[in-house]
Each structure stands twice: as C-alpha cells, then as structure tokens.
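Visitor: Hi, I have a model open and would like a quick tour. Could you walk me through it?

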Amino acid sequence: MKTNGVRIFAIYSALMFVVVFGLSALVKAPSAVGNAEPEQTGTEEAEPEVTTAPAEEKPELTEEGDPAEADNVWAMFLVNGNNECPEEYSNSIDTSLVYESTVRQYYMDSRVEKYVRDMFAAAEKDGVELVMVSAYRTNSYQQDLFDRSVEDRVNNRGMTWEEAKEDTAKEVQKPGFSEHNSGLAADIMSNEYTSMDDDGFEDTEAFAWLSEHAPEYGFILRYPKGKSEYTGIIYEPWHYRFVGVYYAKLLTEKGLCMEEYFRQQGWVDADGTAISHYLPGNEPDAPDSGADDIQEDESEREDEV
Ligand SMILES: [Zn+2]
C-alpha cells in the first residue's frame with residue numbers, strides 16, 4: 001500500500017509537472033505570438049493615424065474656415081455708421097477691469113478680460129510694453145467726447161456748429177456708433193508712441209508685435225490701411241477689436257475688414273445693415289447658416305485664397 005502510494009504519488013507528481021509545465025509553455029507561446037504582436041502592430045499603426053489626422057485637419061480649418069470651430073461667436077457683430085450698439089446693450093455689459101495706468105482704469109466686456117490680460121502678458125514676455133489708452137465707453141461718455149470735440153472746433157477753429165459736427169463725425173463716432181460702446185474695442189499703443197494725430201504708431205515694435213500676435217488673442221486691427229471706404233473710419237493702427245480667436249485669425253489671414261467679411265457672408269443687407277442674428281446681444285447661428293453662406297460664396301472666394 002505504502003509503496004504503491006508512493007509510486008502513484010510520484011507518477012502523479014511527474015504527470016502534473018509535465019502537464020503544468022507543458023501547458024504554461026503552450027499558453028505562453030501562442031500568447032506571445034498571437035496576442036502581443038498584433039496588439040503592437042495595431043497600436044503602432046493606429047497611433048500615427050490618430051496624431052496625423054488632427055495635424056492635417058488644423059491648417060485646413062484656419063485656411064478654409066469652418067464656422068462650427070468658431071469661439072466667442074457672440075462677439076461677431078458689427079458696430080459702425082450703419083449699425084448701432086444700442087444704449088440698453090451698452091449699459092448692461094458686464095465689464096471687468098482689464099488694464100490700469102497710473103491715472104486711469106480701463107474696462108471691457110468681462111468675457112474678454114482673459115484674452116486682453118494674456119495678450120499684454122505675452123507682449124511683455126517678448127519685451128514689448130503695450131499701453132491701453134481707451135477701452136469701454138458708455139454711450140453718455142461717447143456723447144461727452146463728441147460734444148467736446150464739436151465745441152473745440154467751434155471755439156478754436158472758427159467753425160460753425162454744423163461744420164463742427166460734420167467734421168467731428170469723421171474722427172469721433174456718434175454715441176452708440178463707436179465700437180468702444182460695445183466693450184470689445186481697445187486703443188492700444190506703447191510708450192514708444194502714444195500720439196493719435198498721425199500714423200506714427202505703425203513704425204513701432206509694439207505695432208509689429210500686435211500685427212503678428214493680436215489675432216492669437218482674438219483681436220483684429222479693426223481699421224486697417226486702405227479699408228476706409230468699407231469701414232467709414234480712417235486708418236487707425238491703434239484700434240483693436242475682439243471678435244474671437246477663430247474669426248480674428250480668419251479675417252487677418254484673408255486681409256478682410258469686418259464690413260467686407262459680413263457682406264461676403266450675406267450677414268448684411270444691401271445698405272450694410274446687419275441681419276438680426278448679427279446684432280449685439282443676439283446669438284449668431286454661425287455653425288449652420290454660416291456654413292451655407294460660405295458654400296454660396298465659395299466660387300467668389302476661390303480666386304482670393
Ligand atoms: Zn478706438
């Protein structure tokens with residue numbers, strides 16, 4: 001019994017050893033070949049696909065323009081001679097302090113604060129000290145500005161009230177028609193040059209920096225050189241307007257002012273008045289109707305791109 005038991009145990013152990021060892025070898029072998037390998041090649045193939053896809057798509061988006069990708073579409077509204085920024089909108093803007101000089105504080109729409117602060121910080125990092133000289137203005141402040149400019153012309157330049165009003169309107173927008181009433185515009189210069197009497201600011205490092213980087217923070221040069229016939233405003237190298245990063249890059253790349261772009265998109269009537277979706281406080285339905293408009297305009301735009 002004993003010897004039999006020992007023998008059976010020994011045979012059983014040997015069998016178990018063979019079975020366990022053999023099985024583990026069998027299991028390991030196919031798993032190494034059948035499992036790991038396809039997994040590896042699978043991920044190696046999949047990974048480059050994942051990384052190359054967005055890298056290829058990105059330049060396409062900025063060049064061609066996909067309104068579905070637009071940020072801050074609420075900011076895409078016109079304020080100009082044909083399009084008023086209504087007093088009730090202007091007065092109800094939630095504003096934030098965006099810049100402080102030794103003598104004054106400057107406020108803009110709260111939703112823009114981060115962009116402004118980031119832009120000023122980035123400029124400083126590059127050794128450029130930007131200086132804000134005007135930002136949000138209430139309609140009544142704009143009225144004061146207009147009135148003072150008219151008075152100055154009557155008192156100091158010998159104009160009649162009518163002449164003075166007409167002349168002032170070329171330089172100072174009437175209340176409600178200034179972008180500064182929207183909380184989205186800022187006059188930005190630098191210590192190198194702070195005169196608005198001429199275009200001298202365009203020769204500064206600050207202007208060069210803004211020309212290159214402002215769109216990255218959602219700002220466009222709103223009254224560029226050679227666009228006065230569309231904007232109704234003289235060339236102003238210091239006036240920047242927030243339209244969101246997507247549209248800022250798009251407009252800058254295409255070299256279009258807002259008036260041209262709105263017309264191209266069919267966002268204004270024949271007389272240049274914006275359709276309702278593109279008025280202050282209205283949410284533009286850019287992702288849908290904007291895409292249709294772009295398709296309609298594709299033929300016109302192709303030769304420009
Ligand atoms: Zn301005």
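Predicted model: local features only at pLDDT ≥ 70, side-chain atom pairs only at ≥ 80, totals over all residues.

**A look around**

Visitor: Okay, and which residues of α3 are buried?
Guide: Y115, V116, M119 and A123 are the buried ones in α3 (20 or more other C-beta atoms within 10 Å of their own, against 12 or fewer for exposed and partly exposed in between, with C-beta atoms placed from the backbone). They cover an arc of only 100 degrees around the axis (taken from the directions from the helix axis to the C-beta atoms), which puts them on the same side of α3.

Visitor: What's on the face turned away from that buried side?
Guide: There you'll find the exposed residues A121, E124 and K125 of α3.

Visitor: Switching to α4: how many residues does it have, and how far does it reach?
Guide: Helix α4 runs over residues 139-157, which is 19 residues, and reaches 26 Å from its first C-alpha to its last.

Visitor: Which of its residues are buried, and which are exposed on the face turned away?
Guide: In α4, N139, Q142, F146 and V150 are buried. Those buried residues fall within an arc of 70 degrees seen down the axis of α4, so they line one face of the helix. The face turned away carries the exposed R148, N155 and N156.

Visitor: And what follows α4?
Guide: G158 does, with a positive phi near 65 degrees.

Visitor: Now the strands. In what order do the four strands of the open sheet come?
Guide: The order is β3-β4-β6-β5, with antiparallel pairing (two strands pair if DSSP finds at least two bridges between them). β3 (130-134) and β5 (219-221) stand at the edges, each with a single partner strand, so one side of each has no neighbour in the sheet.

Visitor: How many bridges link β5 and β6?
Guide: Three, in the antiparallel sense, with β6 spanning residues 239-242. F219 stands opposite F242 in β6.

Visitor: Last one: what joins β1 to β2?
Guide: A hairpin does, through four residues. β1 (residues 95-100) and β2 (residues 105-109) pair in the antiparallel sense over five bridges, and L97 has Y107 in β2 as its bridge partner.

Definitions and conventions: Residues numbered from 1 in each chain as written. Expected span 1.5 Å × (residues − 1).
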